[in-house]
Amino acid sequence: MDGPVPELRERADRCAEALRAADEVLLASHIDADGLTSAGVAAGALSRAGIDFEATFAKQLDSEVIEGIAASEYETVLFTDFGSGQLDLIAEYEREGAFTPVICDHHQPAEADTDCHLNPLLEGIDGASELSGAGASYVLARALENGHDNRDLAALAIVGAVGDMQASDGELHGANAGIVAEAVEAGVIDAGTDLALYGTQTRPLPKLLEYTGDLGIPGVSNDPAGTIRFLDGLGLDLKAGDGWRCWVDLGGDERQRVVSALLRHAITRGVPSEKIETLVGTTYTLSEEEAGTELRDASEFSTLLNATARYDRADVGLAVCLGDRDGALAAARKLLGEHRRNLSSGVRLVEETGVTHEEYVQWFDAGTEIPDTIVGIVAGMAMGSGGISYGKPIVAFAAKSEEETKVSTRGTRGLVGRGLDLSAAVGEAARAVEGDGGGHDVAAGATIPTGREREFVGHLDRLVGEQLR
């Protein structure tokens with residue numbers, strides 16, 4: 001059986017063979033939603049295959065982290081959602097016999113290789129839009145099947161892809177679509193057309209519609225009173241006791257009436273057609289999770305996971321991925337509340353202080369005001385606010401330490417269509433100031449020496465200009 005991504009089957013088989021031959025495995029993974037789901041998929045598959053493992057997480061796979069891994073007692077290390085970009089460093093330790101690497105990633109590979117390297121980019125599949133790190137882990141999981149075909153793990157792979165912004169054009173496609181098909185067949189995902197707004201499971205209706213700032217619907221977006229007036233005018237019973245119902249609580253006819261009214265409202269107020277079209281899209285519902293919870297919707301699930309690792313509790317996120325619906329889920333929800341408060345204050349700070357516009361990029365330096373673990377999310381959320389353009393990539397700086405600055409960048413799919421590749425540009429600009437970085441075409445990050453931020457911006461502005469011209 002070729003699995004969900006036939007092009008990667010041979011690589012997946014080699015990786016699976018190396019893992020089965022190991023006495024025990026160190027599972028090292030990135031900490032964002034895609035990294036946590038990558039680890040969750042891999043951990044589930046390793047457990048079912050009877051392979052002992054220990055999990056560890058890192059914000060960034062740098063030379064210090066790799067050195068620590070090399071000093072451990074593990075002879076086999078499975079890297080998920082990172083490793084390809086650091087393969088030149090990893091290969092040095094492999095040659096020295098420190099450990100055998102098995103890399104399951106979707107980021108741009110370095111100029112090196114190893115026998116067990118599963119990455120869609122090596123087979124001409126776009127790792128930024130067609131297969132996430134969790135998707136790559138799922139391909140490996142299908143090759144690792146041991147009396148269990150592991151198709152149920154496809155739900156986590158889809159959460160990872162959504163969390164990695166791979167459904168930004170309305171639905172998952174490419175190799176991801178093969179995973180969706182297997183998830184639907186396994187009964188763990190319902191893929192359907194619905195209102196494509198964040199929070200359909202948990203947000204009261206007014207808040208669901210109010211937080212559509214990127215759509216810019218006059219009288220609804222960022223307008224609490226206007227949102228209430230809009231809902232009150234629909235002639236529907238949308239309240240439950242003293243509060244409002246959530247989208248998930250509505251019947252099919254009620255949903256249709258709300259969507260139709262919202263579309264009419266947007267059209268009559270001059271919202272561009274390309275934005276109106278994004279109101280409805282493909283949604284991914286985890287059918288085995290409880291309705292009305294963060295775990296039911298792939299987008300909300302991914303945000304919950306982001307909230308754990310961003311605050312150094314990747315262990316909580318992994319436990320949720322592995323099925324803990326008691327203590328770990330309660331802890332994750334508490335972290336999510338803190339995460340939301342920090343994001344809101346971060347966005348307010350950026351809106352108040354504004355950004356500096358160069359010819360091709362815009363940027364701000366948060367210093368120690370925004371944690372380096374969330375400054376990229378804040379940057380993406382701030383795009384479209386007053387004075388912050390969708391027409392330029394946004395660059396965010398935050399203090400990582402006294403010696404290092406974290407760089408996070410975000411673009412749009414429209415800019416990528418015009419030639420933007422932030423992974424390449426950020427990597428080159430970072431190296432020009434004695435730093436290092438990479439990522440995806442639409443979002444990338446770097447670490448650079450403190451004090452060289454403006455020099456970095458100068459290099460990046462030039463490189464982005466060359467891409468877009």
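Predicted model: local features only at pLDDT ≥ 70, side-chain atom pairs only at ≥ 80, totals over all residues.

Residues are numbered from 1 along each chain as its sequence is written, and side-chain values use heavy atoms, leaving out hydrogens and water.

**Exercise 1.** Find out whether Ala-39 is buried or exposed, and what Ala-39 touches.

Step 1: go to helix H2, where Ala-39 sits; helices here are DSSP runs of H or I with at least four residues, and strands are runs of E with at least two, numbered from the N terminus.
Step 2: Ala-39 has a relative accessible area of 0%, so it's buried (under 20%; exposed is over 50%, partly exposed in between, with a 1.4 Å probe and protein chains only).
Step 3: leaving aside residues up to four places away in sequence, Ala-39 touches Leu-27, Ser-29, Phe-57, Thr-80 and Leu-318 (contact: heavy atoms within 4.5 Å).

**Exercise 2.** Work out which residues of helix H17 are buried, and what covers them.

Step 1: in H17 (residues 422–432), pick out Leu-422, Ser-423, Ala-425, Val-426, Gly-427, Ala-429 and Ala-430.
Step 2: their cover includes strands E13 (404–410), E14 (436–439) and E15 (443–449), plus helix H18 (453–468).

**Exercise 3.** Look at both ends of H17: what caps the N-terminal end, and which residue just after H17 takes a positive phi?

Step 1: Asp-421 is the cap, with a side-chain oxygen 3.2 Å from the backbone nitrogen of Ser-423.
Step 2: just past H17, Glu-434 has a positive phi of about 65°.

Conventions:
Polar contact = N/O pair within 3.5 Å; in protein donor to acceptor, adjacent residues only side chain to side chain.
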